[in-house]
Amino acid sequence: MKIAILPGDGIGPEIIAQAVKVLNVLGESFELETAAVGGAGYAAHGHPLPEGTLALAKAADAVLFGAVGDYQYDTLERALRPEQAILGLRKQLGLFANLRPAILYPELANASTLKPEVVSGLDILIIRELTGDIYFGQPRGVRECPDGAFKGQREGFDTMRYAEGEIRRIAHVAFQAAQKRDKRLTSVDKANVLETFQFWRDIVTDVHKEYPDVALEHMYVDNAAMQLVRAPKKFDVLVTGNMFGDILSDQASMLTGSIGMLPSASLDANNKGLYEPSHGSAPDIAGKGIANPLATILSAAMMLRYSLNRAEQADRIENAVKAVLAQGLRTGDIYEAGTTKVGTEQMGDAVVKALL
Ligand code: NAI
Ligand code: MG
């Protein structure tokens, strides 16, 4: 099993180092190979996604990614900016399924802005389609309004579209993810208003026939937004399109308090994937040794579960993270009175110790 390790910029190298420590004590013979990406790629090879880095990512069974971006690169032309690396990797690797778990560990129940009883024990998974929807549909632009009350004025327009195969493949990912969890899937759409999402609903309903052990529920996106703050624990897995997923996954992530705790996965059709924390490179705290490495360590756990077929090792890591939280160890972003403040390295070491 070959794993591409792409640390990137800012806190990327610090947090990735902790995840690598964790992978190294599992007793598996993973081949880990590191390459430069983002600003670090530009600094070393003149491009945010250097050829060698892309080749490594393509050849690997999975990619563990830190974060990219730093103030010093903000003046570069768009094509050379660090953020192009992650967009390029998504495209080149055909990553279409973005999995974002929102888990609130009981020890962090006070970190959420919602009442502890509403979110304590929350464990849901949002799956966002990444390649289709109104974000990429053509035609789009600004034109002369062809009809109606505003005929002749300028109007902005985009095109919402989803191909059948595009919906089928994300539905399969969602049903299979639900099978590995509580076997309940909520498909979020706007079938009452949008043709694209009536079609989405019909296709998801058809794919459901292949997964009779999973309970499928359809929900309109406005209701889903409401239920996510009213009673989020009622959900297990949610699947939705690119735009609704963009919004709902950010909303759900904030149920859990800190972005330093949130892993993510982006998968292709063969469960190859790129795994990264949901946060960015946090240049404001880079080099200080205080970043929370748990989102990255939990991303490594997702990698073991979804791409490397090592669910038991994923469980071990997740349990080790729970154990260090139960010990009262906290990085600054999740610190509260009565707990023990630790740095990035100490947190990584504590997870390693809990695994041994
Ligand atoms: P950010 O997520 O890097 O930081 C937002 C805030 O959260 C900051 O105050 C930061 O210190 C804090 N934070 C983030 N991760 C943390 C952690 N592990 N532990 C403790 N605190 C943490 O988002 P921001 O500031 O909007 O962007 C900074 C840079 O990151 C930009 O260059 C941006 O383009 C890039 N970025 C990269 C992403 C990626 O690589 N996929 C995703 C989002 C942003
Ligand atoms: Mg977003």
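Visitor: Which residues count as nonpolar, charged or polar here?
Guide: Ala, Val, Leu, Ile, Met, Phe, Trp, Tyr, Cys and Pro count as nonpolar. Asp, Glu, Lys and Arg count as charged. The others, Gly among them, count as polar.

Visitor: By class, what does the shell around ligand 1 have?
Guide: This is a predicted model. Charged residues number four in the shell around ligand 1, and polar ones six. The nonpolar residues there number 11.

Visitor: Of the 21 residues around ligand 1, which come nearest?
Guide: The shell of ligand 1 holds 21 residues. Five of them come nearest: G69, G260, H279, G280 and N292.

Visitor: How is the protein chain divided, and how far apart do the C-alpha centres of the domains lie?
Guide: Domain 1 takes 1–96 + 262–356, and domain 2 takes 113–256. Their C-alpha centres are separated by 26 Å.

Visitor: By class, what is on the side of domain 1 that touches domain 2?
Guide: Domain 1 and domain 2 each give eight residues to the contact. On the domain 1 side, one residue is charged and two are polar. The nonpolar ones number five.

Visitor: Why do the buried residues of α8 line one face of the helix?
Guide: Helix α8 spans residues 221–230, with V221, A224 and L228 buried. An α-helix has 3.6 residues a turn, so residues three or four places apart point the same way. Seen down the axis, the buried residues of α8 line one face because they fall within an arc of 50 degrees.

Visitor: Which elements do the buried residues of α8 pack against?
Guide: N223, M226 and R230 are exposed on the other side of α8. The buried residues pack against β8 (184–189), β9 (215–220), β10 (237–240) and α9 (242–253).

Terms used. Residues are numbered from 1 along each chain as its sequence is written. Chains are lettered from A and ligands numbered from 1 in the order in which they are written. This is a predicted model: local features need pLDDT of at least 70, side-chain atom pairs count only at pLDDT 80 or more; totals for chains, interfaces and linings use all residues. Domain bounds come from an automatic or database domain assignment. Two residues are in contact if their C-beta atoms, placed from the backbone, lie within 7 Å. A residue is near a molecule or strand if its C-beta atom, placed from the backbone, lies within 6 Å of it. A residue is buried if 20 or more other C-beta atoms lie within 10 Å of its own, exposed if 12 or fewer, and partly exposed in between; C-beta atoms are placed from the backbone. Helices (H or I, at least four residues) and strands (E, at least two) are DSSP runs, numbered from the N terminus. The arc is that of the directions from the helix axis to the C-beta atoms.
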